[in-house]
Amino acid sequence: MPAILLKNGHIVDPAAGIDKVADILIDGDAIESIAPEKIPKDTEIMDISGKYVFPGLVDMHTHAREPGQEYKEDIESASQAAAAGGYTSIAVMANTVPPIDTADKVSFIYERSAAAAVWIYPVGAVSKNLEGKELAELADIAQAGAVALSDDGFPIANSELMRNALAYADQLDLPILVHEIDPILAADGQINEGRISSLTGMKGIPVQAETSMIARDIDLLKLSGGKLHIQHISAAESIGIIRRAKEDGLSITCEVTPHHLLLTEEEVLSSGFDSNFKMMPPLRTKHDTEVIAEALADGTIDVIATDHAPHALHEKDNPFDLSASGIIGLETALALIWTHFVSKGKISPSRLVELMSVNPAKILDIPAGTLKPGNYADITIFDPEREWTVSPEKFFSKSQNSPFIGWKLKGKAIMTIVAGEIVFRD
Amino acid sequence: MPFEHDSLLGLTYLTADEILYLLDEAKAFRSILERDLKKVPTLRWLTVVNLFYEPSTRTRISFELAEKRLSADVVNFSASTSSVRKGESLRDTVDNILAMKVDMVVVRHSSVGTPQYIARKCKVPVINAGDGTNEHPTQALLDLYTIREKFGQFNGLKVVILGDIRHSRVARSNIDGLKKLGANVVLCAPRTLLPPNPNVFGVDYTTDIEEALSGANVVNVLRLQLERQKAGYIPSLREYRMFWGLTSRRAKLLDSDHIIMHPGPMNRGVEIDPDVADAKDTVILEQVTNGVAIRMAVIFTLAGKIKG
């Protein structure tokens, strides 16, 4: 394979302190140098003037649905969706069928990832069968290569189990990723508890179902040590709680999804109860999206994650309360954040790269998030001028459950390179 | 025609004029119901399917009668006797029924938004016969009709809706219609059976039944679903009756010019005492008769949209 020179791109690599137009030389599977002084003979030169060069994006919250629900998605199709969205690494959640709750299942994910277009990192379950009762064999799971532990899809309601999980994961140096929804307070809940739930009588999920669990886990973190990562924050009040914990020096990080930044409960009503607006946690209010957006800019939020949750048509094309929760996100996240946050000056391109590449790589402790010479050449080339409309026919995902269908976006990943190989080009 | 919709999904989508248009149309059909020959040949060309995914006696029969009085062909579907029991999804059932080329769909379902869901999938008019806790527009229209028959208009009337507002589609459609027509609406329930944010309706509410009933012209008593006790919303049916039941003593607080309504079926001795239920100031059976006329008006109006 000849070396590749990406010429005249605007390189944004906050981990290396680079934010400038420069050439980047790829040799084999690795980054050879930035602004090279000489290039090898036979180097393929691509002029990417006007485009951005990012370290490959990292999604730390993908549901690839394999094993067990391959009709929704599998590792290969999820990896193609990821590549099309500019991602070069994805961490896949453990709530498959059966769940990834033993070392051999972690190994299975690695075996299956041989066919994948991007790096696949398995997340192991915290509890056996995700039941929240007994710890899974976490040390064995860690040894098999899980990059984090999570019962995502379910909260860990049992405080004693959560305490022990934090302590046990601490010795393994793995973070626990938590889905914070009090299962009793949220029972049968369909949407945010607020204006729309009262107007329609649908069972609401109060913000307190999230905040009470976050507050509990922060307290347990003080007791046990360990690393806590709060998934998909939906409520303004959660931000304040996490900000204080960070000020107290606790080892806590958090993520938000594009949909919790851009959509509200009002869309549930205005869409005539379209189940593409059904997710867990539920869409909240404009106030929540505004407070979360501020936290995106001020550094309280560490990561933008997709919570890519494919569901087949028959699981979403139903009345609202009979439909599955969740939406796909890998192919729209970058363009949504660029269009609605970077283009509007709310965050810088460099902050975007921190949120979507540097920080998730750091939390998962995986070799990604920077373009430093010697690293794998995992690169996202982004055209900030490309205008496109989200349409279901173009998705690489097996599923089309997106509330953003029909949205006009500006900016798109036009090339994704994984270990020196072009895995997506548009 | 001053009615701008192809379907009746909820009163929330209608203007005051559209509501009044349907009430006026119903008046003509109401008089037909007093004739010896109660049937008109108007809609012989129309086939209506009644999709009832929840048990219902009076609403289903009322729709069926309205359809037959208009000479429409009627197909009844009820979830308990259909392939739903074999595990067929709503989506497949609806697709199959629509493939049989019916002209109009009446639907009742326990899920909020089912009528909107069906309306998105098909081009024929859809009538909401109750969607979960959300709306029951034909019930509210027949309640409005009954109030107008008694009082002539709505401005300044104090209308109390008493009972499980939180879970009531009858309450939600009534609140919307009454507000649009100028009545003063007061909601009354124990705090746990009011919605968590009762302010969203923009009407008065109270937990004090005596305050609510004082000087009221209309009290619409909602059925208390008996399972609310198990779900932890109220401690007991006894306590509910003691503090929120409509007793004859409390009925004396109403304005001298008043009516007592109930959408049925009643739990006598829970939300309404037996003597109140059977007293001459209740209009419960008139509501039922008016319901047929209202449904004839709705079906007739929407059928006009198909041909027009």
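Predicted model: local features only at pLDDT ≥ 70, side-chain atom pairs only at ≥ 80, totals over all residues.
Domain bounds, as I use them here, come from an automatic or database domain assignment, and on that basis chain B is divided into domain 1 (11-135 + 288-307) and domain 2 (137-283). Residues are numbered from 1 along each chain as its sequence is written, chains are lettered from A and ligands numbered from 1 in the order in which they are written, and side-chain values use heavy atoms, with hydrogens and water left out.

Let me stay with chain B. Counting contact as heavy atoms within 4.5 Å, 31 residues of domain 1 of chain B touch 24 residues of domain 2 of chain B. The buried area, meaning the accessible area (1.4 Å probe) that two parts lose on being put together, summed over both, is about 2300 Å² between these two domains, and carbon and sulfur atoms give 61% of it. Leu11(B), Leu23(B) and Thr133(B) supply 26% of what domain 1 of chain B buries against domain 2 of chain B, more than any other three residues.

How many salt bridges does the rule find across the interface of domain 1 of chain B and domain 2 of chain B? With a salt bridge taken as a side-chain nitrogen of Lys or Arg within 4 Å of a carboxyl oxygen of Asp or Glu, the rule finds three across that interface. Elsewhere in my notes on chain B, Glu149(B) forms a salt bridge with Lys27(B), with the closest N and O atoms 3.3 Å apart.

Chain A can be described in the same terms. Its domain assignment gives domain 1 (4-52 + 376-397 + 409-425) and domain 2 (56-364), and 28 Å separate the centres of these two domains of chain A, again over C-alpha atoms. Here 28 residues of domain 1 of chain A are in contact with 32 residues of domain 2 of chain A, and the area buried between them is about 2200 Å², of which carbon and sulfur atoms give 70%. Phe396(A), Ser397(A) and Leu409(A) supply 24% of the area that domain 1 of chain A buries against domain 2 of chain A, more than any other three residues, and the count of salt bridges between these domains is zero.

Now to the interface of the two chains. The contact takes 22 residues from chain B and 22 residues from chain A, and the chains bury about 1700 Å² between them, with 52% of it on carbon and sulfur atoms. On the side of chain B, Arg91(B), Val112(B) and Val200(B) supply 30% of the area buried against chain A, more than any other three residues. Across this interface the rule finds two salt bridges; the side chains of Asp317(A) and Lys121(B) meet in a salt bridge at 2.8 Å, N to O.

Next, the aromatic rings. Rings of Phe, Tyr and Trp (its six-membered ring) pair if their centres lie within 6.5 Å, and planes under 30 degrees apart count as stacked, over 60 as edge-to-face and the rest as tilted; by this rule the count comes to twelve aromatic pairs over all chains. The rings of Phe29(B) and Phe300(B) have their centres 5.4 Å apart and their planes at 65 degrees, so this pair is edge-to-face. Helices (H or I, at least four residues) and strands (E, at least two) are DSSP runs, numbered from the N terminus, and the pair links distant parts of the chain, Phe29(B) lying in helix 1 (residues 16-32) of chain B and Phe300(B) in helix 11 (residues 284-307) of chain B, 271 residues apart. Taking buried as under 20% relative accessible area, exposed as over 50% and partly exposed as in between (1.4 Å probe, protein chains only), Phe29(B) counts as buried at 7%, whereas Phe300(B) is partly exposed at 28%. In chain A, ring pairs link Tyr52(A), Phe54(A), Trp338(A) and Phe382(A) into a cluster.

I close with backbone geometry in chain A. A cis peptide bond joins Glu66(A) and Pro67(A), with omega about 5 degrees, and Pro67(A) lies in the loop between strand 6 (57-62) and helix 1 (75-84) of chain A. Leu130(A), a residue other than glycine, has a positive phi near 55 degrees, and Leu130(A) is buried, with a relative accessible area of 9%.
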